[in-house]
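Below is a brief report on one protein chain.

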Amino acid sequence: MKCRFLLLLFIFKFSSSIPLIFIDLSHTINPSIPFFPSQVRFNFTQRIAQWTNEENKFFYSTNAFITSEHMGTHIDAPYHFSPNGWKVDEIPLSHLISVHARIIDVSKRCNQNRNYLITIDDVKKSDLSVPEIDEDTRGNFLFVLIFYTGWTKYWPDQTTYAGGESDVQFPGLSEELAIYLVNTYGENLVGIGIDTLSSKKKKHLSNHTHTLLTYIYLSS
């Protein structure tokens, strides 16, 4: 199976008549997409598509598969690294639907260093503008901060996108930045998005810090 085409869906927001663009950032799951060495790779264990041999013939199709939940485009719930954190079904819909997005381009730095750790300065130099109050809802301004590393150009090659099994290589967030984001934006920040295999690298971002953020992996 090949990756799906990018899907653009235009929906009009009736309150202001401003068109909203929804972009499908997901990839099709198949056995060859990049994966984290500690995870179980996607694989079909049963694929049936056939006509029955009975007198009243009918077509029957069913599949079974095994996969890690952290494959491809996915969301990590806070429970991933915290026993007291939300599981996916417990995350408020207000944190998942109609939230704002801010994008910071760090692709130039990542292109110079495959293991680049995004810094506080990268955020400060981006002129990130985040109001406290949402003009439409009059509530808190909820947003997802997306880091564009340019790593999509290596998809879906396992080695160039993720590195070897014993030595993963891709950009991520520095621990200092993760703490800074939580302390600076608090409850307004409801997610972190990144186009690499993970937003953290082993030994570079503590599990304690990981529990403070809801990571939304774009992998696209």
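How many helices and strands does the protein chain have? The model is predicted. Its protein chain has five helices and 13 strands.

**Whole chain**

The chain holds 220 residues, and buried residues make up 37% of them. Take the contacts between residues at least 6 apart in sequence: 62% of them join residues at least 24 apart.

Strand β8 covers residues 143–148. Being buried here means a relative accessible area under 20%.

Strand β8 pairs with β6 and with β12. The table sets out both pairings.

| Partner of β8 | Residues of partner | Sense | Bridges |
|---|---|---|---|
| β6 | residues 100–105 | parallel | six bridges |
| β12 | residues 189–194 | parallel | five bridges |

I103 stands opposite I146. In β12, the bridge partner of I146 is G193.

**D121**

Where does D121 lie? It belongs to helix α2, which spans residues 120–124. D121 has a relative accessible area of 45%. That value falls between the 20% and 50% cut-offs, so D121 counts as partly exposed. L177 is 56 residues away from D121 along the chain, and the C-alpha atoms of the two are separated by 8.7 Å.

Notes
Residues numbered from 1 in each chain as written. Predicted model: local features only at pLDDT ≥ 70, side-chain atom pairs only at ≥ 80, totals over all residues. Heavy atoms only, no water. Helix = DSSP H or I, 4+ residues; strand = E, 2+ residues; numbered from the N terminus. Buried < 20%, exposed > 50% of the residue type's maximum accessible area, 1.4 Å probe, protein only. Contact = heavy atoms within 4.5 Å. Pairing = 2+ DSSP bridges.
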